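User: Hi! I have a model open on my screen and would like to walk through it with you. Could we take it one question at a time?

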Amino acid sequence: MARMACHHLLPALSVPSSRHYAGAFHFQSRFSSSSASKISMSLKAGIVGLPNVGKSTLFNAVVENGKAQAANFPFCTIEPNVGIVAVPDQRLTVLSHLSKSQRSVPASIEFVDIAGLVKGASQGEGLGNKFLSHIREVDSILQVVRCFEDNDIVHVNGKIDPRSDIEVINLELIFSDLEQEALKHLCLLTMKPLIYVANVAESDLAEPRNNPHVREVMTLASDLQSELVAISAQVESELSELPPEERSEFLGSLGVSESGLGNLIRATYRLLGLRTYFTSGEKETKAWTIQAGMTAPQAAGVIHSDFERGFIRAETVSYDDFVAAGSLAAARERGVLRSEGKDYIVQEGDVMLFRFNV
């Protein structure tokens with residue numbers, strides 16, 4: 001599928017309210033997530049922010065392929081660093097075990113570490129135009145905001161001020177859009193789905209609301225009807241160096257149950273209106289990313305265009321019913337395996353087997 005072009009700005013219909021889910025704060029989004037939007041199933045998120053806010057530290061921690069040079073000076077990341085991250089999903093492991101699959105294939109998200117912007121970037125300050133052009137190529141923007149104090153890490157503006165930092169970035173995105181002439185041919189940066197990532201100290205991770213900087217970002221995110229995720233890049237960095245069996249204990253000692261990566265990816269999926277369905281058999285169990293509202297033939301087309309073109313039906317069972325039955329064959333015997341046609345809207349967690357003829 002083609003990469004998403006632009007979202008349409010919608011007026012807020014009500015005062016946005018917040019909900020707190022283990023570091024994630026959800027506000028009513030100003031973006032529509034219609035099934036007509038086209039997203040590449042190789043989802044691409046750009047990490048942006050001022051220099052020394054923790055972008056590259058976060059990137060280093062969550063991306064296995066490729067390392068950005070984390071250094072304590074502006075513009076240490078000149079070229080965007082790109083890496084593919086598997087989407088954490090325990091359901092994939094369960095289905096793979098039940099189906100005795102030879103392998104399991106998770107969905108993936110591509111993170112791009114884009115070098116730090118500064119005031120005047122739209123006019124070329126700090127190589128800003130080059131940086132802004134990189135942002136245009138992503139599906140969503142993750143704007144990292146520094147919410148921690150550390151005298152050893154210099155702030156490009158000399159003080160910790162989340163509101164000012166956000167205004168600088170947002171204004172540069174706006175000015176960059178205004179500088180363009182052929183607007184109808186471009187995806188405006190200000191219309192990109194955006195998530196604010198509040199980078200907090202380890203001591204604030206369990207209760208980020210207690211941090212006044214985070215509360216300030218929460219207010220701004222609510223006003224702008226954007227997502228907010230609190231994360232500690234330093235904790236993520238430490239986690240990446242631990243063996244898997246020690247990570248849960250380390251997180252538990254900090255008062256949290258999972259790493260920030262899961263929260264960040266869920267927020268991205270939620271903002272872009274994405275869903276996951278599965279195919280599962282002896283050969284492999286695989287997670288597939290689709291747009292909410294997609295029909296069964298459209299979901300089949302994510303696997304291969306022939307599946308959509310020659311679609312006959314989709315044998316479908318919910319994840320919970322599959323697990324309760326123990327296998328696709330058992331689900332069929334129990335009568336919970338349904339035969340869905342061309343108008344069926346695929347639901348989150350569906351396990352599907354497509355029948356097609358070309």
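Predicted model: local features only at pLDDT ≥ 70, side-chain atom pairs only at ≥ 80, totals over all residues.

User: How do the residues lining the largest cavity divide into nonpolar, polar and charged?

Analyst: Residues are numbered from 1 along each chain as its sequence is written, and side-chain values use heavy atoms, with hydrogens and water left out. A cavity is a set of points on a 1 Å grid over the protein atoms alone where a 1.4 Å probe fits but cannot get out, and lining residues have an atom within 4 Å of a point. With Ala, Val, Leu, Ile, Met, Phe, Trp, Tyr, Cys and Pro counted as nonpolar, Asp, Glu, Lys and Arg as charged, and the others, Gly among them, as polar, the lining divides into five nonpolar, two polar and two charged residues.

User: Which element gives the largest share of that lining?

Analyst: Helices (at least four residues) and strands (at least two) are DSSP runs, numbered from the N terminus. The lining consists of Gly49, Leu50, Val53, Gln143, Val144, Val145, Arg146, Asp165 and Ile169. Strand E7 (140–146) and helix H4 (162–179) are the elements that give two or more residues to it. The largest share, four residues, comes from E7.

User: Is serine 56 buried or exposed?

Analyst: Serine 56 lies in helix H1 (residues 55–62), where threonine 57 is also found. Buried means under 20% relative accessible area, exposed over 50%, and partly exposed in between (1.4 Å probe, protein chains only). Threonine 57 is partly exposed because its relative accessibility is 23%. Serine 56 has 9% relative accessibility, so it counts as buried.

User: Which residues is serine 96 in contact with, leaving aside its neighbours within four places in sequence?

Analyst: Serine 96 sits in helix H2 (residues 90–99) and is buried because its relative accessibility is 12%. Its C-alpha atom is separated by 6.9 Å from that of serine 280, 184 residues apart along the chain. Taking contact as heavy atoms within 4.5 Å, the partners of serine 96 are Ser101, Arg103, Ser104 and Thr285.

User: How many salt bridges does the structure hold?

Analyst: A salt bridge is a side-chain nitrogen of Lys or Arg within 4 Å of a carboxyl oxygen of Asp or Glu. One of them joins glutamate 258 and arginine 266, at 2.3 Å from N to O. Glutamate 258 is partly exposed because its relative accessibility is 30%. The structure holds 13 salt bridges.

User: Which residues do salt bridges with shared partners join into one network?

Analyst: Glutamate 315 forms a salt bridge with arginine 332, the closest N and O atoms being 2.8 Å apart. That pair links strand E12 (residues 311–317), which holds glutamate 315, to helix H12 (residues 328–334), which holds arginine 332. Glutamate 315 also forms a salt bridge with arginine 355, with the closest N and O atoms 3.2 Å apart. Salt bridges that share partners build one network from Arg313, Glu315, Arg332 and Arg355.

Notes:
1 Å grid on protein atoms, 1.4 Å probe; cavity = no way out; pocket = protein on both sides within 12 Å on 5 of 7 lines; lining within 4 Å.
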